[in-house]
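Trainee: I have a new model to look at, and I would like to learn how to read it. Could we go through it together?

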Amino acid sequence: MDSVFSHTIAAILTIGIISFLYKDNPLYKFCESLFIGVSAGYWFVQQYYANLLPKLFDNLGITKLVGAENAPEGALQALFLEGRLDDNLLYLIAGVLGVMMLLRLSPKIGWIARWPLAFTVGSSAGLYFITYFQSNAMSQLQHTILPLNSFNNLVLIVGTVTGIIYFYFSKEHKGVFGGAAKVGIYFLMITFGASFGYTVMSRMSLLIGRIDFLFGTWLGLVK
Amino acid sequence: MKAFSYSFTFCCLLGLILLATTDGLAQVESSDSLLSPLLPPSEVIAEDHPGDAGGAIIVRWKLSPDEDRGVTGYEILRSTSPTGEFSSIGFAAAGSNRYIDANTEDSLTYYYKVLAIDVSKNVSESELSSPVRSSAQWFDFHLLNLLIIGGLICGAVIYFIAHAKKGKKLFLRKIAGLEAVDEAIGRATEMGRPILFIPGILDMDDVQTIAGITILGRVAKTIAQYDTKLNVPTSRSIVMSTAMETVKEAYISAGRADAYSEDFVHYVTDEQFGYVAAVDGIMVREKPATCFYIGAFFAESLIMAETGNSIGAIQIAGTAMPAQLPFFVAACDYTLIGEELFAASAYLSGEPKQLGSLKGQDVGKIIAMSAIVIGALLETFFAISGSSFFGSLAELVHKLFSIVAS
């Protein structure tokens with residue numbers, strides 16, 4: 001009985017979302033609001049239990065401090081009770097940055113919120129430089145250096161070099177250089193076409209999945 | 001005849017006895033070899049794992065001479081005392097002569113032994129390794145080539161930034177999609193409809209989101225001058241905060257601080273399709289004249305771009321997500337493909353830092369193209385002539401770009 005009820009709710013919500021294909025309507029608006037509300041609430045709870053509680057409150061010992069049962073001792077207990085600097089004390093920096101982010105709610109000291117943002121953007125850019133450079137540049141280059149003794153190798157090398165020429169911004173695309181850039185964009189478009197077809201097929205399988213749910217799981221018309 | 005018959009029978013019997021004896025001897029020899037003790041691995045060497053932050057030791061050994069006689073693998077034992085109790089820390093398959101113990105404390109000294117194990121569960125223990133401690137190093141020399149090439153490109157970036165800061169003009173070719181930005185904003189103003197800007201669905205730690213927010217700054221400045229309504233729904237709280245700051249600054253720099261509203265930028269949800277449902281709803285209800293999709297996108301790209309197309313909006317997209325580019329190319333009026341997105345960000349802002357970065361990256365592209373062409377030619381000459389000269393040169397080019405795991 002429970003599954004019939006839950007399947008009926010799921011089917012109504014599925015139909016509600018699909019009804020958008022016809023036009024905007026009250027059922028879609030209801031489903032949209034429900035989806036956004038539930039997902040936003042879910043993400044808040046998920047973030048709390050996946051990040052805030054284990055990484056910040058538990059590691060720092062705030063959970064223990066507020067008297068939660070079975071809560072682990074954290075960096076604050078280590079500091080004040082044992083006089084020891086625990087590695088987890090570093091989470092305090094993340095906590096302070098988080099609080100600084102919330103200061104934007106105050107118009108007078110809202111400017112402080114820019115500091116954690118600058119920290120996030122700057123540290124991410126620096127950390128990802130090595131990863132991206134290794135995987136997107138060095139590794140690809142190494143695997144493109146091949147002998148020109150087969151059609152596949154020729155296509156790979158010409159496609160890569162002309163593709164890079166297209167993304168070269170210091171020279172106008174004119175003459176031979178422009179011709180090479182045009183070959184590069186042809187390679188890109190052929191790749192996009194293949195990718196488009198592939199993804200459309202995978203989207204069709206998603207649609208088939210929902211139709212199977214409606215006519216099979218819910219209505220039982222398809223066995 | 002009878003004598004021949006006896007002789008034949010005698011010979012056959014003798015042959016059978018000889019055969020049985022030889023077979024028996026072989027069996028005895030074979031069983032002897034099974035009964036002989038399994039020979040242990042030798043020359044166990046334990047060293048600190050180089051080029052890391054500590055906490056790892058590499059154990060190497062010479063394979064057991066009985067490797068081909070049913071050795072199934074090697075068990076690695078560890079102790080903090082040469083006479084103490086050794087405990088198992090891992091297993092290496094037969095044929096392996098290396099194990100990385102990635103669970104060590106830098107302050108402790110460790111001793112290792114390696115056990116060879118065969119199919120009959122016989123074990124044979126190696127000699128003790130010399131004492132070893134893990135430690136952290138400042139440099140990983142396996143990545144020296146990365147440092148050199150990265151240093152060259154970064155050097156070029158710094159040079160061009162300094163060049164741009166001196167006020168010298170840096171040439172950048174025009175990017176087709178960008179020329180349409182002002183036109184699209186003007187159209188929205190004429191029609192009295194809002195402009196929708198989607199900065200992707202990833203957080204501020206993604207470089208595409210950063211580029212998207214930079215372009216938002218330039219778009220918002222023009223919007224402020226034209227006095228058009230802007231709507232920026234975001235799926236990440238930090239993106240919302242950054243977008244708010246960016247739009248606010250754009251309005252202030254345009255001299256229209258009074259026209260700025262906190263409602264321009266708002267959070268929807270982190271959930272991918274919940275966000276899409278909301279954006280689609282905004283599109284069909286507010287009917288924006290122009291939609292920008294600039295940032296990192298996944299499966300939602302086509303859903304949003306198709307909805308935007310159905311309401312007749314001018315659409316400008318930009319992303320470096322290879323799988324989503326085809327959808328934007330198909331459904332939008334202009335698409336900034338891959339690095340064009342980052343180039344657009346530099347082109348629009350006109351900031352020396354961004355312009356210099358782009359020019360420096362172009363130096364990197366010249367290095368890449370040269371390496372591919374030179375490397376491919378050397379490989380081809382080597383394949384045709386078999387000359388070791390070309391072979392070693394080709395290998396050198398390969399090594400320059402190879403990432404060796406330490």
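This is a predicted model: local features need pLDDT of at least 70, side-chain atom pairs count only at pLDDT 80 or more; totals for chains, interfaces and linings use all residues.

Trainee: How many helices and how many strands does chain A have?

Mentor: Follow the chain from the N terminus, and the elements run α-α-α-α-α-α-α-α. The tally for chain A is therefore 8 helices and 0 strands.

Trainee: Why is chain A described as more spread out than a compact globule?

Mentor: For 223 residues, the globule rule gives 17 Å. Along its principal axes, the C-alpha trace spans about 70 × 60 × 40 Å.

Trainee: What share of the residues of chain A count as buried?

Mentor: To be buried, a residue needs 20 or more other C-beta atoms within 10 Å of its own. Of the 223 residues in chain A, the share that counts as buried is 14%.

Trainee: How far apart are the C-alpha centres of domain 1 and domain 2 of chain A?

Mentor: Chain A is divided into domain 1 (1-60), domain 2 (77-145) and domain 3 (150-223). The C-alpha centres of domain 1 and domain 2 of chain A are separated by 30 Å.

Trainee: Which classes of residue are on the side of domain 1 of chain A that touches domain 2 of chain A?

Mentor: Here 4 residues of domain 1 of chain A are in contact with 5 residues of domain 2 of chain A. By class, the domain 1 side has 2 nonpolar, 1 polar and 1 charged residues.

Note on methods. Residues are numbered from 1 along each chain as its sequence is written. Chains are lettered from A and ligands numbered from 1 in the order in which they are written. Helices (H or I, at least four residues) and strands (E, at least two) are DSSP runs, numbered from the N terminus. The radius of gyration is taken over C-alpha atoms; the globule rule is 2.2 Å times the number of residues to the power 0.38. A residue is buried if 20 or more other C-beta atoms lie within 10 Å of its own, exposed if 12 or fewer, and partly exposed in between; C-beta atoms are placed from the backbone. Domain bounds come from an automatic or database domain assignment. Two residues are in contact if their C-beta atoms, placed from the backbone, lie within 7 Å. Ala, Val, Leu, Ile, Met, Phe, Trp, Tyr, Cys and Pro count as nonpolar, Asp, Glu, Lys and Arg as charged, and the others, Gly among them, as polar.
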